[in-house]
Each structure stands twice: as C-alpha cells, then as structure tokens.
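Biologist: Hey, I'm new to this one. Could you walk me through it?

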Amino acid sequence: MVNPAFVLLPLYLYPYNGTSWSNITTAITAHSHLNFQIIVAPNLANVFPDKNYEVALDGLNNFTNVITLGYVPINWIHRDLINVLADISCYAAWPSHTNPNIAVQGIFFDETTSSLTEETWAYMSNVTTFAKEALGPGRQHISFNPGVAVDRAFYDLADTINVFENEWAAFNISALSTTPSDLLARSTYLIHDFPKDEELQAGVISGLANAEVGGMLLTTQQSYNELSDMWMEFCEELAERIDGGNLPEVKVLPVDRAASSSVAVQPSL
C-alpha cells in the first residue's frame with residue numbers, strides 16, 4: 001500500500017515571534033490527516049536553538065502529523081566530513097539542552113550527489129550511518145536532496161529522496177512515467193516560482209498525487225524564507241486529494257520542453 005503524499009516544507013523562516021509560523025500551524029491543525037515533513041534550522045549549525053526557536057519547534061513537534069528534519073548541507077560531498085558530522089551531533093544534542101520536545105526526527109541532507117561512485121557511496125554511507133546512530137531510535141528518518149533523479153542504490157541509504165528542485169518552467173510531469181513506482185513512492189518534488197493560479201496548482205497536485213509520489217511542495221516564491229502566496233490553498237488541495245477528492249488532472253504544462261530537460265539543478269536556500 002502506498003502512503004498518501006505528504007507536504008515537504010523547507011522552513012527557513014526564523015520565528016521572530018509567536019505568529020511567525022502561525023500560517024503553518026494553522027494548516028497543520030486544519031488538515032490532521034495530511035502529513036508534513038518540515039526541514040528546520042538552516043542557520044543554526046553547531047549551536048543550540050535560541051528561545052524563539054525552542055518555542056516554535058516545541059509547537060511543531062506537538063503535532064502527530066509532523067516530522068521535523070534537521071538541515072545539513074554537504075556541498076555535493078565536497079564539504080569536510082568533520083563539519084557535517086558536527087552538524088549532526090548538534091541536532092542529536094538538542095533534546096538534552098532544555099526541552100526534550102525540540103528534538104528533530106531525522107536529517108535532511110541538502111546538496112547531495114546524484115553520481116554513484118565508490119567515493120560518493122562511502123561518503124553518503126558514512127554520514128547516514130552516523131546520523132542514525134547519533135539521533136537514536138525513533139529519530140532516524142534520512143532524506144537526500146540531489147534535486148535530480150539518482151541511481152536506485154541511493155534509496156538503500158535514504159528513506160526519501162528529493163528528485164526535483166527547480167522552477168515551474170523546468171518541470172515536466174510526463175517524466176514521472178519513466179520512474180519505477182517503488183521509487184516514486186519515496187521521491188519528493190520541490191517546485192518553486194509557481195504561477196499564482198489556483199486551478200493550475202490543483203491540477204499539478206492531482207498529477208503528482210496520481211503518480212503516487214512520496215511528497216511535494218509547490219510555492220510561488222523563489223526561496224523558502226517565506227511561504228507561498230497559495231500555501232493555504234496548496235495544503236487544502238493536497239488534503240482533499242488524499243482524502244479522495246476528485247481534483248482535475250493537470251492539463252497545462254510549461255512550454256520550452258527542450259530547454260527544461262537539460263537544466264542543471266542546484267538547490268537554493
């Protein structure tokens with residue numbers, strides 16, 4: 001049985017006050033059957049979260065339909081392993097800081113490689129094994145973000161892999177038909193610079209959900225420092241889709257297919 005698609009939300013918005021993340025928690029509360037994987041703390045490497053972050057994280061972790069993941073960049077395996085492992089150790093220590101409920105449930109490795117070699121396999125195996133041991137039981141969700149399709153061997157290391165991170169103009173939904181179904185169920189899609197068009201958004205959500213992808217985010221923004229202008233509608237439409245709603249199939253695709261097929265994706269924060 002394939003699990004319903006979840007919301008994958010890179011949350012790089014600092015919680016300056018009690019309302020900074022209110023649109024997020026409102027959507028989570030409104031759609032209790034919709035699961036959220038939320039990537040937190042891109043700017044907190046090797047430090048404990050401050051009071052604002054503690055309060056906000058505690059709030060997210062109180063939801064049973066939320067998994068929080070700690071952000072760790074690896075610069076396509078060019079980042080020094082010592083620094084990567086230090087980031088992971090920092091996240092692992094969060095629960096012992098002040099509040100056990102600020103613990104992340106896994107790690108989101110950004111800028112992961114799509115090339116399978118002895119070197120890349122050794123690096124990714126190393127950081128994955130270290131993360132699972134450091135975080136401990138029940139907190140071992142591993143996500144990779146190469147932003148492009150990868151060799152299926154990488155799925156032996158990660159629970160989910162983000163295989164698309166790019167602007168809407170570079171997206172081609174027909175590419176999903178070439179991906180094996182068992183990999184689609186563990187693959188996620190991050191589409192930014194999406195047009196402010198609710199009908200189009202509903203159609204794309206339907207197309208991705210029908211393909212039984214693992215998770216997704218469509219955002220009108222260029223970065224993840226602010227929410228999409230259609231965030232609430234996105235959550236509502238995906239929730240309706242996984243609850244058996246009949247959203248229209250996607251009909252409108254970006255033009256310039258030839259150009260988009262050769263795009264080199266580099267995830268941006």
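Modeller: Here is a quick chat through charges, cysteines, backbone angles and some loop contacts.
Modeller: This is a predicted model, where local features need pLDDT of at least 70, side-chain atom pairs count only at pLDDT 80 or more, and totals for chains, interfaces and linings use all residues. Residues are numbered from 1 along each chain as its sequence is written, and side-chain values use heavy atoms, with hydrogens and water left out.

Biologist: Okay, charges then. Which residues gather in a patch of negative charge on the surface?
Modeller: That patch is made of D197, E198, E199, E236, E240 and D243. Asp and Glu count as negative and Lys and Arg as positive, while His and the chain ends are not counted.

Biologist: What rule makes a patch?
Modeller: Its residues need over 30% relative accessible area and no salt bridge, and like charges are joined within 9 Å. The place of a charge is CG of Asp, CD of Glu, NZ of Lys or CZ of Arg. Accessible areas come from the Shrake-Rupley method with a 1.4 Å probe, and for residues only the protein chains shown count as cover.

Biologist: Which helices each supply at least two residues of that patch?
Modeller: Those are α6 (198-210) and α7 (231-242). Helices here are DSSP runs of H or I with at least four residues, strands are runs of E with at least two, and both are numbered from the N terminus.

Biologist: And E236, where is that one?
Modeller: E236 sits in helix α7. E236 counts as partly exposed, because its relative accessibility is 47%. Buried means under 20% relative accessible area, exposed means over 50%, and partly exposed is in between (1.4 Å probe, protein chains only).

Biologist: Is D87 buried or exposed?
Modeller: D87 is buried, because its relative accessibility is 3%.

Biologist: What about the D182 and R152 salt bridge?
Modeller: The side chains of D182 and R152 meet at 3.1 Å, N to O. D182 is in helix α5 (residues 181-184) and R152 is in the loop between β5 (141-145) and β6 (160-167), so the pair ties together parts that are 30 residues apart in sequence. D182 is partly exposed at 40% relative accessible area, and R152 is partly exposed at 44%.

Biologist: How many disulfides?
Modeller: The count is zero, where a disulfide would be a pair of cysteine sulfur atoms within 2.5 Å. Looking at two cysteines, C90 counts as buried at 11% relative accessibility, and C235 counts as buried at 0%.

Biologist: Now the backbone. What is the phi of D193?
Modeller: Phi of D193 is near 55°, a positive value in a residue other than glycine. Most residues other than glycine have a negative phi. D193 is in the loop between β7 (187-192) and α6, and D193 is partly exposed with a relative accessible area of 26%.

Biologist: And what about E212?
Modeller: E212 is not a glycine either, yet has a positive phi of about 65°. The loop between α6 and β8 (215-218) holds E212, which counts as partly exposed at 39% relative accessibility.

Biologist: Last topic, loops. Where does N62 lie?
Modeller: N62 is in the loop between α2 (51-61) and β3 (66-73). N62 counts as exposed, because its relative accessibility is 54%.

Definitions and conventions. Patches are made of residues with over 30% relative accessible area and no salt bridge: like charges are joined within 9 Å, nonpolar side chains (Val, Leu, Ile, Met, Phe, Trp, Tyr) within 5 Å. A salt bridge is a side-chain nitrogen of Lys or Arg within 4 Å of a carboxyl oxygen of Asp or Glu.
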